[in-house]
Amino acid sequence: SFTPLIAEPQLTDRMDMFSLGCVLAELFSDEVLFDLSALLLYKENKFEKFDSSLSKIENVQIRSLVKSLVALNPQDRPSAQKVLNNYRGSFFPVYFDGLYRLFKVLITLSPDTKILYLCQELENHLPAIVDEDPRGLLLLLDVVVSTLRSLKHVHCKLVAQRIVLKLVGLAPEVTESIITDRLIPYFAHLLSDPEQKVRGAAVNA
């Protein structure tokens, strides 16, 4: 049998953690941590500007996290579970655990069923989100508005609009800036719905 002279490269979780570190660095500094030449230098432990690049990340926690994620030795990079555990309650809100379980169910459902299930489960999650970090409401808002154009049943369209109004009302200071960009276009779409109840609810919303 033929044996290849060069073994196929093995992809590992540690590579994903490195990529995550690069993404977080760019998000929190608005700059790319490594271009190709810098990456090649870093691989040889010769990238002298590494610390100065990291210093552009103002948040000390994120800077520490990024540094651990892009550690030169893959074995020094933390696992995803370790990162989630270590930064739970600080960088990652505690309510993420509950939202993860909720979203895991939601992604398997049709748009109409998704809205009905979310309506049923909403009160189990809202208190924790509002108490810890109301910005988490934006995650739920995105779920609802992303389904608005796909909903079939009148009842579900009305329920979806009520959920949006409830979420906006819980944290107006958070949602004020996104109403024009994220919400009004979807409600405007509902103004041409064949059902009068849906159109009326959209106008009121």
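This is a predicted model: local features need pLDDT of at least 70, side-chain atom pairs count only at pLDDT 80 or more; totals for chains, interfaces and linings use all residues.
**View 1. The salt bridge between Asp-142 and Arg-182.** The side chains of these two residues meet in a salt bridge, with an N to O distance of 3.1 Å. Asp-142 lies in helix 9 and Arg-182 in helix 12, so the pair ties together parts of the chain that are 40 residues apart in sequence.

View 2. In one of them, the side chains of Arg-88 and Asp-97 meet at 2.8 Å, N to O; Arg-88 is partly exposed, with a relative accessible area of 44%, and Asp-97 is partly exposed at 33%. Arg-135 forms a salt bridge with Asp-133, and here the closest N and O atoms are 3.1 Å apart.

**View 3. Helix 10 and the helices around it.** Helix 10 comprises the 17 residues 154-170, which at 1.5 Å a residue should span 24 Å; the end C-alpha atoms are 25 Å apart, in agreement with that expectation. Its buried residues are Cys-156, Lys-157, Leu-158, Val-159, Ala-160, Gln-161, Ile-163, Val-164, Leu-167 and Val-168. These buried residues pack against several helices, among them helix 7 (111-121), helix 8 (126-132), helix 9 (137-147) and helix 12 (179-190).

**View 4. The largest nonpolar core, with Val-164 among its members.** In soluble globular proteins, nonpolar side chains tend to be buried together. The largest nonpolar core in the model holds 34 residues, of which Leu-118, Leu-140, Leu-141 and Val-164 touch the most other members. Two or more residues each are given to this core by helix 6 (96-106), helix 7, helix 8, helix 9, helix 10, helix 12 and helix 13, and the largest share, eight residues, comes from helix 10. When its neighbours within four places in sequence are left aside, Val-164 is in contact with Leu-141, Val-144, Val-145, Leu-183 and Phe-187. A second, separate core of 20 residues includes Ala-25, Leu-33, Val-83 and Phe-92.

**View 5. A nonpolar surface patch that includes Val-23.** Val-23, Leu-27 and Phe-28 make a nonpolar surface patch of about 280 Å². Val-23 is found in helix 1 (residues 13-29) and is partly exposed, with a relative accessible area of 44%.

View 6. Most residues other than glycine have a negative phi. Asp-30, in the loop between helix 1 and helix 2 (36-43), has a positive phi, near 60°, and counts as exposed at 70% relative accessibility. Asn-45, which lies in the loop between helix 2 and helix 3 (50-54), also has a positive phi near 60°, and it is exposed, with a relative accessible area of 60%.

Technical notes
Residues are numbered from 1 along each chain as its sequence is written. Side-chain values use heavy atoms; hydrogens and water are left out. Helices (H or I, at least four residues) and strands (E, at least two) are DSSP runs, numbered from the N terminus. The expected span of a helix is 1.5 Å times one less than its number of residues. Buried means under 20% relative accessible area, exposed over 50%, partly exposed in between (1.4 Å probe, protein chains only). Contact means heavy atoms within 4.5 Å. Patches are made of residues with over 30% relative accessible area and no salt bridge: like charges are joined within 9 Å, nonpolar side chains (Val, Leu, Ile, Met, Phe, Trp, Tyr) within 5 Å. Accessible areas come from the Shrake-Rupley method with a 1.4 Å probe; for residues, only the protein chains shown count as cover. A salt bridge is a side-chain nitrogen of Lys or Arg within 4 Å of a carboxyl oxygen of Asp or Glu. A nonpolar core is a set of buried Ala, Val, Leu, Ile, Met, Phe, Trp, Tyr and Cys residues joined through side-chain atoms within 4.5 Å.
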